[in-house]
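Have a look at the model first, then read on.

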Amino acid sequence: MLFPVWLQIPHQKWDAFGRLVVVTALSAGLGSLPAQAESGEYVPYSGIIHGTAGADPVEVRIANATGGTVECEAALAHWYSDDLGQIAPGDELTLTLWHDRETGVLNLMNATDDRMPVEAVWCSNETARSRLTLPIASGKAEATLRYSCHAGGEAGLSCEAAGG
């Protein structure tokens, strides 16, 4: 016998006891909810910064020096992405990102003027893709970032910084 007699619960009473334990555990967790509600109302997406106030514009230019179309997209924070556009051979894609001097984050503005932090910019052709190296650093950023995408080599596509 593992437990003293006074701790043993007869089999027929075990179901009722189990329910009591579950109800007690659940009610203990629910009892703390009003305290959380009193500390402030939850506002969805309350951490998103709206507008460009305090951010510096950074013009990004991506030139297509390949013989085919190159498509570019931004990988954004929280598993989102945004299509930046297609670049015909010999053409250039120009977009504006907004640099936060304090954090170093580069942001893409969405349709409702929310700052969407950019984690990476990828460009691809029919056979490969290349990640553009973004200078994410606090302080003053370059006003213009230039990249050039070239076909060939081991990677199949290479998009390198072309200088400011």
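## The largest pocket

A pocket here is an open set of grid points with protein on both sides within 12 Å along at least five of seven lines. Keep in mind that this is a predicted model. Its largest pocket holds about 300 Å³ of space. There are 14 lining residues, and the ones closest to the pocket's centre are Ile 48, His 78, Arg 115, Met 116 and Pro 117.

Sorted by class, the lining comes out as 7 nonpolar, 4 polar and 3 charged residues.

## The overall layout

Stepping back to the whole chain, you get 2 helices and 9 strands. Reading from the N terminus, the order is α-α-β-β-β-β-β-β-β-β-β.

The chain has 164 residues, and 28% of them are buried. Take the contacts between residues at least 6 apart in sequence: 58% of those join residues at least 24 apart.

## Strand E4 and its partners

Strand E4 (residues 92–100) is a handy place to start tracing strand pairing. E4 pairs with strand E1 (residues 55–64) in the antiparallel sense, over 9 bridges.

E4 and E5 make a hairpin with 5 residues between them, and in the turn Gly 104 has a positive phi of about 85°.

## A look at Ser 148

Now jump to strand E8 (residues 144–152), where you'll find Ser 148. Is Ser 148 buried or exposed? Ser 148 counts as buried because its relative accessible area is 14%, and the cut-off for buried is under 20%.

What does Ser 148 touch? Setting aside neighbours within four places in sequence, Ser 148 is in contact with Ala 63, Ala 65, Ser 158, Cys 159, Glu 160 and Ala 162. There's also a side-chain link to pick out: Ser 148 and His 150 are joined by a polar contact of 3.0 Å between their side chains.

Notes
Residues numbered from 1 in each chain as written. Predicted model: local features only at pLDDT ≥ 70, side-chain atom pairs only at ≥ 80, totals over all residues. Heavy atoms only, no water. 1 Å grid on protein atoms, 1.4 Å probe; cavity = no way out; pocket = protein on both sides within 12 Å on 5 of 7 lines; lining within 4 Å. Points joined across faces, edges and corners; volume = space filled by probe spheres on them. Nonpolar A, V, L, I, M, F, W, Y, C, P; charged D, E, K, R; others polar. Pairing = 2+ DSSP bridges. Helix = DSSP H or I, 4+ residues; strand = E, 2+ residues; numbered from the N terminus. Buried < 20%, exposed > 50% of the residue type's maximum accessible area, 1.4 Å probe, protein only. Polar contact = N/O pair within 3.5 Å; in protein donor to acceptor, adjacent residues only side chain to side chain. Contact = heavy atoms within 4.5 Å.
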